[in-house]
Amino acid sequence: MIPAQFDYVAPATVEEALSALAEAGEDAKIIAGGQSLLPVLRMRLNAPELVVDLGRIEALRGIRDDGDAIVIGAMTTHSDVFHDALVRDNALVITHALELLADPQVRHRGTFGGALAHADPAGDLGAPSLALDAEFVIAGPAGTRTVAAEDFFVDLFTTAIEDGEILTEVRIPKRPGWGAHYEKFVRVAHQWPIVAVAAAVSVEGSTITEARVGLTNMGSTPLRARAVEQALVGQPATDEAVRTAAAEGTNPPSDLNGDADYRRHLATVLTRRAVLAAAGA
Ligand SMILES: Cc1cc2nc3c(=O)[nH]c(=O)nc-3n(C[C@H](O)[C@H](O)[C@H](O)COP(=O)(O)OP(=O)(O)OC[C@H]3O[C@@H](n4cnc5c(N)ncnc54)[C@H](O)[C@@H]3O)c2cc1C
């Protein structure tokens, strides 16, 4: 289908983009890589009067070192984040998740910020960002604010970004030397996960000293498996030690790919695999 008619602007700065959004109010929509928005417009599930394209704002692109954190510009493509050494060295689970996200075409157009702003519960970047305690920098008419990952994902396709605001960058605390793995369960290749688990662990000798575990598609937002994280600390990285129930406190959806009980079972199995792989066991 062809989208409903809309006006289009492509500002060169965040300030110009914010002005355009403020002027159009609720009738405006931001476009980043367009990989999720364009299908929505084509199906006429949304019919904005103005589309504000962030593609010409160079300041929103790139990855930089900021001391204790790495900072990923919202308009940095999945492919650029995947190939970045700073990300690989300090937030390896993001690199692993990107390797399995969609196909090369989508990874060359889709953006890190666009995927997180879209907040699809089956999206592959939410759980790793949550597990790593990412912070989301959001610019709006009243200035810039920073939102913790815990507060960023509000509900299905809903984040803390308000109308008229722009996600500008994502800050990820560095975890050099941590092992990581993203275990994604799909029915066909290059698809959104039925369930996936992001695991990052710090191992000394053969003992897990710290663990971060995030779950994808086990609820309306990405989830932290805190009970598992706590249970892993001080444990040897062995199969038996990580066999802790991962599905506690989740509310997975039932759909054609599997019911909620099936997803809970999957989460337990995938968590064990992800943690063991992250720990190099
Ligand atoms: C065939 C296909 C397969 C896919 N498979 C997967 C997969 O396996 N795993 C996965 O995680 N994803 C998958 N995706 C989605 C992909 O990751 C998209 O890149 C992503 O969901 C949206 O990113 P985008 O840059 O294209 O954003 P857009 O589509 O341009 O925007 C998405 C939404 O976010 C808003 N938005 C975008 N940027 C900002 C910003 N900076 N500030 C505020 N709001 C903003 C837009 O207004 C829109 O509502 C797939 C997509 C396709 C087409």
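Mentor: Please bear in mind throughout that this is a predicted model. Let us begin with the ligand, where an oxygen atom of the ligand is 3.3 Å from an N or O atom in the side chain of Lys 29.

Trainee: Which residue has a backbone N or O atom that lies 3.0 Å from an oxygen atom of the ligand?

Mentor: Polar contacts are taken here as N or O pairs within 3.5 Å. Backbone atoms can take part, as at Ala 102, where a backbone N or O atom lies 3.2 Å from an oxygen atom of the ligand. The residue with the 3.0 Å distance is Gln 191.

Trainee: How much of the accessible area of the ligand does the protein cover?

Mentor: On its own, the ligand has 970 Å² of accessible area. A shell of 29 residues surrounds the ligand, and the closest include Ile 30, Ser 36 and Asp 124. The share of the ligand's area that the protein covers is 90%.

Trainee: Which element gives the largest share of the shell around the ligand?

Mentor: The elements that give two or more residues to this shell are strand 2 (28–31), helix 7 (112–118) and strand 10 (166–173). The largest share is four residues, and the element that provides it is helix 7.

Trainee: By class, how many residues of the shell around the ligand are nonpolar?

Mentor: The shell has three charged residues and eleven polar ones. The number of nonpolar residues in the shell is 15.

Trainee: Is Ile 72 buried or exposed?

Mentor: Ile 72 is found in strand 5 (residues 69–73). Leaving out residues up to four places away in sequence, Ile 72 touches Val 81, Val 87, Phe 112 and Ile 172, among others. Residues count as buried under 20% relative accessible area. Because the value for Ile 72 is 0%, this residue is buried.

Trainee: How far apart are the C-alpha atoms of Ile 72 and Gly 62?

Mentor: The two residues are ten places apart along the chain. Gly 62 is also one of the residues that Ile 72 touches. Their C-alpha atoms are separated by 6.2 Å.

Trainee: The backbone nitrogen of which residue lies 3.1 Å from a polar atom of the side chain of Thr 159?

Mentor: Thr 159 lies in strand 9 (residues 158–159), and it is buried, with a relative accessible area of 11%. Its contacts beyond four places in sequence include Leu 116, Phe 152 and Val 154. The backbone nitrogen in question belongs to Ile 161.

Trainee: The backbone oxygen of which residue is reached by the side chain of Arg 175?

Mentor: Arg 175 is in the loop between strand 10 and strand 11 (179–185). At 12% relative accessibility, Arg 175 counts as buried, and the residues it touches include Asp 89, Asn 90 and Arg 212. At 3.0 Å, its side chain reaches the backbone oxygen of Leu 132.

Trainee: What is the phi of Asp 133?

Mentor: Most residues other than glycine have a negative phi. Asp 133 lies in the loop between helix 8 (126–131) and strand 6 (135–140), and it is partly exposed. Although it is not a glycine, its phi is positive, at about 60°.

Trainee: Where does Arg 44 lie?

Mentor: Arg 44 also has a positive phi, near 60°. It is partly exposed, with a relative accessible area of 46%. Its place is the loop between helix 2 (37–42) and strand 3 (50–53).

Definitions and conventions
Residues numbered from 1 in each chain as written. Predicted model: local features only at pLDDT ≥ 70, side-chain atom pairs only at ≥ 80, totals over all residues. Heavy atoms only, no water. Near = heavy atom within 4 Å. Polar contact = N/O pair within 3.5 Å; in protein donor to acceptor, adjacent residues only side chain to side chain. Areas by Shrake-Rupley, 256 points an atom, 1.4 Å probe, with all protein chains shown as cover. Nonpolar A, V, L, I, M, F, W, Y, C, P; charged D, E, K, R; others polar. Buried < 20%, exposed > 50% of the residue type's maximum accessible area, 1.4 Å probe, protein only. Contact = heavy atoms within 4.5 Å.
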